[in-house]
Amino acid sequence: MARYQVSQGVVLIHLDSLRQRRAETVWWRRFFRQLHRYRKQFLFLFQAGEAEADFAWEWLGRECFCRKVEPVRRKTQEYIQSFEAGLEKYGLQLGEKERVLLGELLDRYRDRLTCHGLEKWQQALLWEYFLETQSGGQSRGGGTLPAEYLSEEKFCRYIGSEKDKQGIGFEVTKDAAKK
């Protein structure tokens, strides 16, 4: 706090191997003392895996006010509906063949999929589609996005890209620290 002049904020703490670390009582006492000291300036969020979530809830609840928030994973059909709603804004739609192809892509890469990544991929597809239709001087029939735009290679590039992932918090770089 003294070095970067931070006076308030949100702190995300990832808890792993919590059962093993519980034996380190001196460290935990200091940890809880720090939490209590800064509880008025900072909001502390704890993240734990499924296996340790209940244990963390029980143990941290003794020292802190806790609220359990479980992430809800969207269904493939919800992603498809969201994707189609984005296309409708520009007068496009998905045909049955394209809808099936999109569903297969979403199911195959479900563990890497984020709403933000899907939205970025859709924007890139729309940009590419409209550039090609304008430069070619031809219009695609029926306002349907062709299946050729739903390639797996492009999908993986946008979904898995590090720049499209949204993080929580901030990062201080060497350049920012000098200013």
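**Entry 1: salt bridges**

I searched the whole structure and found 5 salt bridges, counting a side-chain nitrogen of Lys or Arg within 4 Å of a carboxyl oxygen of Asp or Glu. I am working with a predicted model, where local features need pLDDT of at least 70, side-chain atom pairs count only at pLDDT 80 or more, and totals for chains, interfaces and linings use all residues. Residues are numbered from 1 along each chain as its sequence is written, and side-chain values use heavy atoms, with hydrogens and water left out.

**Entry 2: Arg99 and its partners**

I looked up Arg99 and found a salt bridge with Glu84, with 2.6 Å between the closest N and O atoms. This pair links distant parts of the chain, as Arg99 sits in helix α5 and Glu84 in helix α4, 15 residues apart. My helices are DSSP runs (H or I, at least four residues), numbered from the N terminus.

Is Glu84 buried or exposed? Glu84 counts as buried at 14% relative accessibility, while Arg99 is partly exposed at 25%. I use buried for under 20% relative accessible area, exposed for over 50% and partly exposed for in between (1.4 Å probe, protein chains only).

Arg99 also forms a salt bridge with Glu96, the closest N and O atoms being 3.0 Å apart. Both lie in α5, 3 residues apart, about one turn of the helix. Glu96 is exposed, at 55%.

**Entry 3: Arg108 and Glu152**

Next I noted a salt bridge between the side chains of Arg108 and Glu152 (3.1 Å, N to O). Arg108 is in α5 and Glu152 in α7, so this pair ties together parts 44 residues apart in sequence.

**Entry 4: helix α4**

I then followed α4, residues 76-88. Its buried residues include Tyr79, Phe83, Glu84 and Leu87.

**Entry 5: the core**

Which residues touch the most other members of the largest nonpolar core? Of its 21 residues, they are Phe83, Leu106, Leu118, Trp121, Leu145 and Phe155. Such a core is a set of buried Ala, Val, Leu, Ile, Met, Phe, Trp, Tyr and Cys residues joined through side-chain atoms within 4.5 Å. The largest share, 5 residues, comes from α6.

Key
Helix = DSSP H or I, 4+ residues; strand = E, 2+ residues; numbered from the N terminus. Expected span 1.5 Å × (residues − 1).
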